[in-house]
Amino acid sequence: MLVPPDGRGTGRTRDWLPTGGTLPAAAFETRHRTVVILLWIHVLGLPLFAIARGYPWYHGLLDTSPILVCAIAAMSRRFNRRGRASIGALGLVTCSAIFTHLWGGVTEAHFHFFVVVALLSLYEDWVPWGLAIAYVLVHHGVMGAIDPRSVFGDNPSAQAHPWRWAGIHAGFIGALAIVNIVSWRSNEKARIGQTAARRALAHRATHDPLTGLPNRPAFVGQVERALDRRRDDAHAQGRVAVMFVDIDDFKLVNDSLGHGAGDRLLEAVAQRLTEALRPQDVVARFGGDEFTVLVADVIDEADARRVAERLAAALVPPIDLDGESRFVTASVGLAIGGDGYGDADQLLQDADAAMYRAKANGKARCDTFDDSLRADAIRRLALESGLREALAHDELTLHYQPQVRLPDGLITGAEALIRWQHPDLGAVSPAEFIPMAERLGVIEEIGAWVVRTACAEAVAWGRDDLEIAVNVSPRQLSTPEFADIVRDALARSGLDAHRLCLEVTETALLADVEAAHAMLARLRELGVLLAVDDFGVGHASLRHLRQLLPVDVLKIDKSFVDGLAEDREDAAIISAVVRLAEGLGLDCIAEGVETAEQAEALSAMGCSNAQGWHFARPMPAEAIRAMLRPDAEAPAAAVTRAHA
């Protein structure tokens, strides 16, 4: 066949023919063992067949001696796999030749050749199978010419034209060869497909489906092996460095452009990080918007930081995302392994802690783990572990900060503030454990406890004219069951709904305006009051505020109150908020009032209520209950004298 100049004919032929030599080792050994057993059966059986055919016993032994040699050699491990298969193939076709000779060349004897050739195709290797085909052709031609009776029996035509009959037999063998090749190729394709499927499955188990990078388990394994090599090699100079790379403000991309755009951004970041590293370095997607990098041979911290700078530089050019240029920065945490590192998990935890410090220090930077971070990490781990059991162990309590009316200081309500007394670490600030509770997913349980406890303790005060304010986290607000939790707390405690004020931050309300509006509507149906906490520090516009109405209270953030006396801008903002609340028919409460001057200025602006250390610090329920007793000193005078 003429091959086209472009070689397509050769390619098609190559695709049609089997590759050969792809049989798995275990399958080869099983099939080769069968061939060897058949050789030994012929070694024992052919001499008996020769005697039965009337030949002297030594004739059978002499004819069988080549088969004996092949049987012994095929068992030897001195030869490689193909060599043993070739020896076994030569031995079996020799069995066919001797069997045909001993039977006088009758047609039935030639079936032995067909069986042997078909059997040898199970090796799925061109060399042993090709040797068998060639042996049959040469045997029929040469032996047919020398002694046609031993090959073709008493056929007069075959004796007169041995090469013609050798060709006829070759045609039958060729037809068998085609069948063998088709079956062989089919088996090979199925096996290749299975192998590819197993490899694909293994790849999916160890790689991130979005970016194609190694996933978390695979990366941890890489770090473990790098640390093991470092420990085993006493003369190793390099050190193992791990970096935690977290994309800054990635949530904004998902929220504003959708998760599809976020995925495309992650793919682009993965490609840039990969291109910025050397082939021996490893970059993986650890989860979400976090990537990890392994550099197994850094000299010192400066060397590792140069790698981090390369990664940061790779992210500087804008990324084309759906036709728009998007700029990306990342916070990087670096941990460098040494003799003190026990395992990969510890190194990764340290890099993670360094990354969180980089976030806290302003983002778009690299921070290196040190001993102070180790103490912080140990503390964070202890807090995370303890927070899950804090409710069950009665470690959480509520303190209450009075809210007073301006200008006379009459107590009108109190804000419930959660406190945690850790058995080992002591008092833990809410600013530290509340974000942790949200991240761990226990804030809903804690928030429900706060609502129930605050309602019950407010009833115990015995003052039907006082309100109780409870802070609501964004996750609580997005929980469909939250309204039912509030309804249940009111029903159990017997507190009038209008005495409960739920405070929600401006930022939480704007996270999902439609969902927030729906939840506020359900809460309003219960009759509770609603307050916008920390008003002015988020991103609410008047349009947003209009969407969130009706609310009942605006709370002015402490950051504005702090600068009230010195900063004209803060004073102007507070005055505007007070007028806005008055125009909308809302109450207004100023938070964080710490001086008499601030209280007087707020009163002069028309702010109706305030709370802060100038009036009272947060106190346990028993203390505020004592303050509110009918026989106690006038509330305003007690608060002013005790805490001024």
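Guide: Start where H14 meets H15 in this predicted model. From H14 come Gln346, Asp350, Ala353, Ala354 and Arg357. They meet Ser372, Leu373, Arg374, Ala377 and Arg380 of H15. Sorted by class, the contact of H14 with H15 has 4 nonpolar, 2 polar and 4 charged residues. Now look at the helices themselves. H14 covers residues 344-360, and H15 covers residues 371-387. Their axes lie 10 Å apart and pack at an angle of about 100°. Angles of 65 to 115 degrees count as roughly perpendicular. So H14 is roughly perpendicular to H15.

Now turn to another helix pair, H4 and H5. The axes of H4 and H5 (residues 111-120) come within 9 Å. They cross at roughly 170°. Angles over 145 degrees count as roughly antiparallel. That makes H4 roughly antiparallel to H5. Which residues of H4 and H5 meet? H4 brings Ala89, Leu92, Val93, Cys95, Ser96, Ala97, Phe99 and Thr100. H5 answers with His112, Phe113, Val116, Leu119 and Leu120. By class, this contact of H4 with H5 has 10 nonpolar, 3 polar and no charged residues. Compare that with H14 and H15, where 4 charged residues take part in the contact.

Next, follow the chain past H5. Glutamate 124 sits in the loop between H5 and helix H6 (126-146). Its phi is near 50°. That is a positive value in a residue other than glycine.

Then go back to helices H2 and H3. Leu48, Ile51, Trp57, Tyr58 and Leu61 make a nonpolar surface patch of about 600 Å². Helix H2 (25-52) and helix H3 (57-74) each supply at least two of the patch residues. H3 gives the most, with 3 residues. Tryptophan 57 is a residue of helix H3.

H2 also takes part in a salt bridge. Glutamate 29 pairs with arginine 77, and their closest N and O atoms are 3.3 Å apart. Glutamate 29 lies in H2, while arginine 77 lies in the loop between H3 and helix H4 (81-102), so the pair ties together parts that are 48 residues apart in sequence. The structure holds 32 salt bridges.

One last stop is a loop between two strands. Strand S8 (396-405) and strand S9 (410-422) have a loop between them, and proline 407 is found there. What kind of peptide bond joins leucine 406 and proline 407? The bond is cis, with omega at about 5°.

Technical notes: Residues are numbered from 1 along each chain as its sequence is written. This is a predicted model: local features need pLDDT of at least 70, side-chain atom pairs count only at pLDDT 80 or more; totals for chains, interfaces and linings use all residues. Side-chain values use heavy atoms; hydrogens and water are left out. Axes are lines fitted to C-alpha atoms, for helices over the stretch in contact, and angles run from 0 to 180 degrees between N-to-C directions. Helices (H or I, at least four residues) and strands (E, at least two) are DSSP runs, numbered from the N terminus. Angles under 35 degrees count as roughly parallel, over 145 as roughly antiparallel, 65 to 115 as roughly perpendicular and the rest as oblique. Contact means heavy atoms within 4.5 Å. Ala, Val, Leu, Ile, Met, Phe, Trp, Tyr, Cys and Pro count as nonpolar, Asp, Glu, Lys and Arg as charged, and the others, Gly among them, as polar. Patches are made of residues with over 30% relative accessible area and no salt bridge: like charges are joined within 9 Å, nonpolar side chains (Val, Leu, Ile, Met, Phe, Trp, Tyr) within 5 Å. Accessible areas come from the Shrake-Rupley method with a 1.4 Å probe; for residues, only the protein chains shown count as cover. A salt bridge is a side-chain nitrogen of Lys or Arg within 4 Å of a carboxyl oxygen of Asp or Glu.
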